[in-house]
Amino acid sequence: MATLPPRSIRTFSDLAGSFVSQFVANKVKQLEVADLFDIKQAKDESLKSYLARFNNAIVRVDDPDQKFFVKAFQKRLKASPFSDALALRRPSSMDEIRARAEKHVEMEDDQIERIGANKNETKDSRRMAQQRGNPAQQIQTQARNPQQHFTPLTKNKAQILQEIYHANILEFPPETRGQVLGPSKESWCEFHRMSGHSTEECWSLKKQIEKLIQRGHLSRGRSPRWGAPHLGQAQRDRSRSQPTPPAWHRGTITTIAGGSVDYPQQTSKHEIQAVLTRANRTPLGTGKRVSPALTFDDRDLIRGVPYYDKPMVISVVATEYKIERVLIDQGSSANILYWSTYHKMKLSPSSLIECPGALYGFAGERVPIKGTIELETVFREDIKRTIPVVYTIVDAMSSYNIIMGRPALNRLGAAMSTYHLCMKFPVGHKVGSVWADSRIAKRCYEDSLKVGSKPQIPAKPAINVLDLDLDPRSQYKSEGPHPAEDLKEIQLGPRASHLTKIGTALGLEEEAQLVDFLRQNNDIFAWGPKDMPGINPNFMCHQLSVAQGAKLVAQKRRKQGEEKRKAIREETTKLLTAGFIREVQYPSWLANVVMVRKANGRWRMCTDYTNLNKACPKDSYPLPSIDRLVNGVSGYALLSFMDAYSGYNQIWMHPQDEEKIAFITDTCTFYYRVISFGLKNAGAMYQRLMDKVFKEVLGVDLEVYVDDMVIKSTKVSEHCQALRRVFAILRKHQLWLNPEKCSFGVHAGKFLGFMLIERGIEANPDKCRAVINMRSPQNIKEVQQLMGRITALSRFISRSSETAMPIFATLKKGGSFTWTAKCEEAFS
């Protein structure tokens with residue numbers, strides 16, 4: 001007030017204005033949600049400090065939203081055990097984060113205290129080493145306490161030191177290179193790791209052993225209290241500093257899928273690894289020993305110079321099993337043990353520790369965690385090392401048995417060279433090495449191509465994948481019509497195998513009426529290929545349109561696996577019996593057989609007509625509109641899903657074109673007399689047939705997509721009448737149904753990716769679950785995946801395009817990918 005000019009304040013408003021102008025610069029600035037993403041945990045900053053800074057910031061946000069607070073906190077949190085814990089089980093609010101952070105903050109404080117204590121101990125050790133460096137002073141120190149009593153030992157000090165070397169109970173002095181502690185330069189002390197005196201003469205080691213005996217850690221120097229009562233020669237041979245001979249294993253686990261392992265009836269007694277286990281449970285950074293240097297040179301190229309980039313695939317031993325196909329992955333934040341391997345190791349599911357959450361892969365895929373388990377794992381080749389490894393158990397397909405991630409590698413203290421295909425780790429004062437097996441690594445790579453997803457744009461035509469132009473059903477293979485309620489089987493014919501399915505929600509009278517109708521019309525079903533007479537060729541047959549001047553191509557026979565060869569023999573036998581194929585000699589066109597696995601696990605025999613299809617123009621006959629079909633079958637009281645038996649095989653080929661679709665097997669060459677799977681325009685031809693056959697009832701009683709049929713009725717009492725009209729048409733044209741794929745009298749079902757119920761159309765729960773389980777996109781590819789799933793559900797999302805505009809903006813060309821708070825809000 002003293003700085004105000006005289007007579008400048010006449011009213012209270014003048015005073016208030018001057019006060020505000022004087023102190024407006026000290027006003028605390030309000031923050032926005034986007035500002036929270038700029039608060040980052042520093043490299044050396046503790047969790048406690050970062051949490052305090054973040055709490056101070058969120059108080060200044062005008063529009064508090066717990067979801068954004070949690071997202072911003074996790075986004076800028078550095079990699080640590082706490083960040084891994086939050087990723088496994090996502091928090092819902094900042095209060096939950098604070099509660100869960102308490103234990104981690106306490107752990108950090110304890111580590112800081114231990115580090116400080118270790119520094120003090122190191123200073124004391126150095127001071128003692130300086131004193132020990134003067135032999136005269138050491139003699140004076142010993143002379144001060146000539147009456148000190150020492151317990152008689154049953155072993156020499158060198159043996160005791162070797163047994164308890166890794167137990168982290170000795171206070172090792174710091175290594176001082178080049179110094180001599182004692183009068184004899186030829187003597188060597190393992191405790192001080194320098195010359196001047198022997199291990200047996202070491203006064204410091206003798207005092208520490210006596211101290212351990214007095215504390216109960218040792219029993220007269222024989223063995224640790226926590227170990228076996230006596231460490232015999234066999235256990236000393238397994239010391240980490242000694243090379244070990246090839247070990248006996250209960251079995252060898254070599255592959256993920258299939259096969260069995262023979263195990264011996266009797267197993268040897270479990271060998272005690274108590275000392276080693278305790279040593280490896282020591283947290284990183286708390287040891288006082290100086291680890292040996294881990295280096296690589298040309299002497300480590302024992303497998304030769306690698307001619308291409310190979311993964312690091314090794315073998316380990318766990319629960320007395322030798323486990324091959326172990327991938328060393330420095331990019332994995334978890335040690336992964338696959339469920340199939342877990343079973344082969346004869347481990348009980350009850351041994352798993354429950355661990356809620358999921359793992360997220362490179363492309364954002366979510367894999368649930370079944371639990372965790374800690375197993376003693378042995379890494380060995382020339383010198384072995386045993387450590388406890390906590391494995392995360394997942395049930396997923398993989399070409400590996402185990403993925404060894406950063407937690408195990410850090411505990412092992414390992415360094416890896418992908419050029420040398422070698423991993424090294426300290427074992428006491430020695431270095432252990434494990435080399436990759438390039439042969440197994442190659443097999444794993446080949447198997448991963450079978451397990452993994454197929455490329456979207458193959459470099460050359462993939463013969464094991466049906467092209468959509470060849471078979472449009474493959475586009476909706478997993479979304480074909482099927483009921484969404486419980487079913488039960490009923491017997492239609494005289495044999496017990498003549499079965500089909502009906503819904504369980506029908507009334508007793510309705511069910512009896514439907515079963516009686518189906519049994520009266522059981523001739524409409526085909527129980528095998530021989531039961532199919534096929535469509536009358538005069539009504540419709542398939543004729544090829546081969547371009548003039550096209551080059552005739554006869555493919556060379558390809559080799560097939562034993563399983564596929566057996567399936568080919570069975571299928572050709574059925575087709576020969578039914579009269580669908582005939583033997584041919586000197587064919588001008590010749591193709592190979594391609595076996596495709598069906599959803600039910602059986603094989604479908606297709607043919608690689610790549611060369612013939614190139615010579616034929618595409619039939620542009622239109623397939624039905626998906627939206628029209630779905631709208632046409634929604635809102636009905638009762639539905640029946642039907643599927644034609646080997647639908648393509650019910651259309652005969654034109655006699656002039658039969659030999660053009662010849663194929664070769666291991667035993668003979670044949671040609672088809674009916675349409676074959678893999679033939680171009682087969683889908684368009686079949687849709688043309690269905691439209692022509694059912695033109696009178698399409699849109700009234702029936703909707704058809706290629707060979708999938710849905711019969712609908714508004715009233716339950718009218719359903720049998722609709723079935724009767726459709727069955728009459730099927731019988732007229734000799735088009736028979738597959739009873740295994742038919743379901744009659746259901747109230748709800750899935751058709752072309754949509755849920756059909758009596759009220760109308762609902763979103764497919766599987767597609768909704770896929771969007772819910774997605775994490776926030778991290779790159780443009782994940783945004784494209786998200787938008788594809790949203791498009792499939794767009795008819796169920798109000799104003800979806802307007803809501804997704806911020807997400808669409810990330811797909812603009814020329815700009816870098818940026819996921820903003822608006823994008824996160826739209827995603828949520």
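In the predicted model, strand S20, which spans residues 638-643, is largely enclosed by the rest of the structure, because six of its six residues are buried, that is, each has under 20% relative accessible area. In a regular strand the side chains alternate between the two faces of the sheet. In S20, Leu638, Ser640 and Met642 point one way, whereas Leu639, Phe641 and Asp643 point the other way, and the residues of both sets are all buried.

Strand S20 is paired with two further strands. With strand S24 (residues 708-713) it runs antiparallel, and the two are joined by six bridges; within this pairing, Leu638 has Ser713 of S24 as its bridge partner.

The largest nonpolar core contains 77 residues, of which Phe694, Phe727 and Phe744 touch the most other members. The element that gives the most to this core is helix H19 (residues 719-732), which provides seven residues. When neighbours within four places in sequence are left aside, the contacts of Phe727 are Phe517, Leu518, Asn521, Ile524, Met642, Leu737 and Phe744; among them is Met642, a buried residue of S20 that points the same way from the strand as Leu638 and Ser640. Apart from this core lies another one, made up of 33 residues that include Tyr321, Met345, Ile373 and Leu375.

Definitions and conventions. Residues numbered from 1 in each chain as written. Predicted model: local features only at pLDDT ≥ 70, side-chain atom pairs only at ≥ 80, totals over all residues. Heavy atoms only, no water. Core = buried A, V, L, I, M, F, W, Y, C linked by side-chain atoms within 4.5 Å. Buried < 20%, exposed > 50% of the residue type's maximum accessible area, 1.4 Å probe, protein only. Helix = DSSP H or I, 4+ residues; strand = E, 2+ residues; numbered from the N terminus. Contact = heavy atoms within 4.5 Å. Pairing = 2+ DSSP bridges.
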